[in-house]
Amino acid sequence: MSGEPAPPLARSTLDRAAHRRTDREWLAQAWQRSRVLVLDSTQEGRALVRTDANPPALVLREPAELGPTGKAVPLFLGVEPDGVPVFAVDAPLPELPATRAVSLREVGHLLSDRDAGVFTTALALVNWHLGHGWSPRTGHRTEVDEGGWSRVDAHGHRAWPRTDPAMIVLVHDGVDGPDGRCLLGNNVTWPRTPGERRYSCLAGYVEPGESAEAAVLREVREEVGVAVERIGYAGSQAWPFPGSLMLGFLAEADPAAPVRVDPAEIAYARWFTRREIGAALAGRAVDVGGGDRMVLPPPSSIALFLVHRWLDGHC
């Protein structure tokens, strides 16, 4: 993907400096001279951005400015290009002038490469710690270790952050130009907004013993009853809600094949032309029946990244 646009949450400038994670003396010294992102898990992982910055810019603070918040366990994210370490803490957000609290979903696509990497990594780590306070092996309480990159119980049994691989695919007909079509679906679990119906790429988790490409074949067949071919990898990004890695693909299918949705997962599925997708992206109403207009995936998602790649002919 060198020289090509990256998915919005796949951008970063941090050196993760993994060799520093077990060096407690270095971590203690690094904390004193670090920049710190405060992230509040009780507010769905929101952090502060400056309201006077365009695009939005994360508010990172010095440890001495944190007050009681500084007592939270620091999570080492990495080292900036200028040599300054970066940490995150899960704590209530401070009240600061000219700032507002935002989620990664809201602003991930607007942030700089540096801020996107910091926010995504911090949220992924915080969410992992929230769900792993107890050892899955022994049932004993665990404590944060290795700068936030592991948890260990009193008997030395250690657990490391895990990422759940998931595939997401833009299925298309292989036709160039405005009449080319893609197949999108509406998931039964998505919130319903009157007058709108969200359509997105098909997705699902990679199962044990399965390759990502095999998951593409299986999930598309299970969700809409369509066989795909010519599967091509397009990129990946973390989706830390709470801990997925989205593996993006494009694949071809025959639009003449009947679409048979699995009602347990997909409420609606249909083919859309490039004309319709372009209109929806431009803010024009695309009728999808029942008085609803089409809504596309949010800008921070890899789903919209895949839609744009297909729309622009990068299949």
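Colleague: Where is P242 found?
Modeller: P242 sits in the loop between β14 (228–239) and β15 (244–253). Helices (H or I, at least four residues) and strands (E, at least two) are DSSP runs, numbered from the N terminus.

Colleague: What is the peptide bond from F241 to P242, cis or trans?
Modeller: Cis, with omega near 15°. Keep in mind that this is a predicted model: local features need pLDDT of at least 70, side-chain atom pairs count only at pLDDT 80 or more, and totals for chains, interfaces and linings use all residues. Residues are numbered from 1 along each chain as its sequence is written, and side-chain values use heavy atoms, with hydrogens and water left out.

Colleague: And what joins N54 and P55?
Modeller: A cis peptide bond, with omega about 5°. P55 is in the loop between β2 (46–50) and β3 (60–61).

Colleague: What about the phi of A17, positive or negative?
Modeller: Positive, about 45°, although A17 is not a glycine. A17 lies in the segment before α1 (24–32).

Colleague: New topic. Which domains does the assignment give?
Modeller: Domain 1 (18–131) and domain 2 (164–312). Those bounds come from an automatic or database domain assignment. The C-alpha centres of the two domains lie 32 Å apart.

Colleague: How many residues does each domain bring to the contact?
Modeller: Nine from domain 1 and seven from domain 2. Contact means heavy atoms within 4.5 Å.

Colleague: What area is buried between domain 1 and domain 2?
Modeller: About 720 Å², and carbon and sulfur atoms give 67% of that. Buried area is the accessible area (1.4 Å probe) that two parts lose on being put together, summed over both.

Colleague: How many salt bridges and polar contacts cross the interface?
Modeller: Zero salt bridges, where the rule wants a side-chain nitrogen of Lys or Arg within 4 Å of a carboxyl oxygen of Asp or Glu. Four residue pairs are in polar contact, both residues at pLDDT 80 or more. A polar contact is a pair of N or O atoms within 3.5 Å; within protein, one must be able to donate a hydrogen and the other to accept it, and residues adjacent in sequence count only if both atoms are side-chain atoms.

Colleague: Which elements give two or more residues to that side of domain 1?
Modeller: α2 (104–107) and α3 (113–130). α3 gives the most, with four residues.

Colleague: Back to salt bridges. How many in the whole structure?
Modeller: The search finds 23. In one of them, the side chains of D82 and R35 meet at 2.7 Å, N to O. D82 is in the loop between β4 (75–79) and β5 (85–90), while R35 is in strand β1 (residues 35–40), 47 residues apart.
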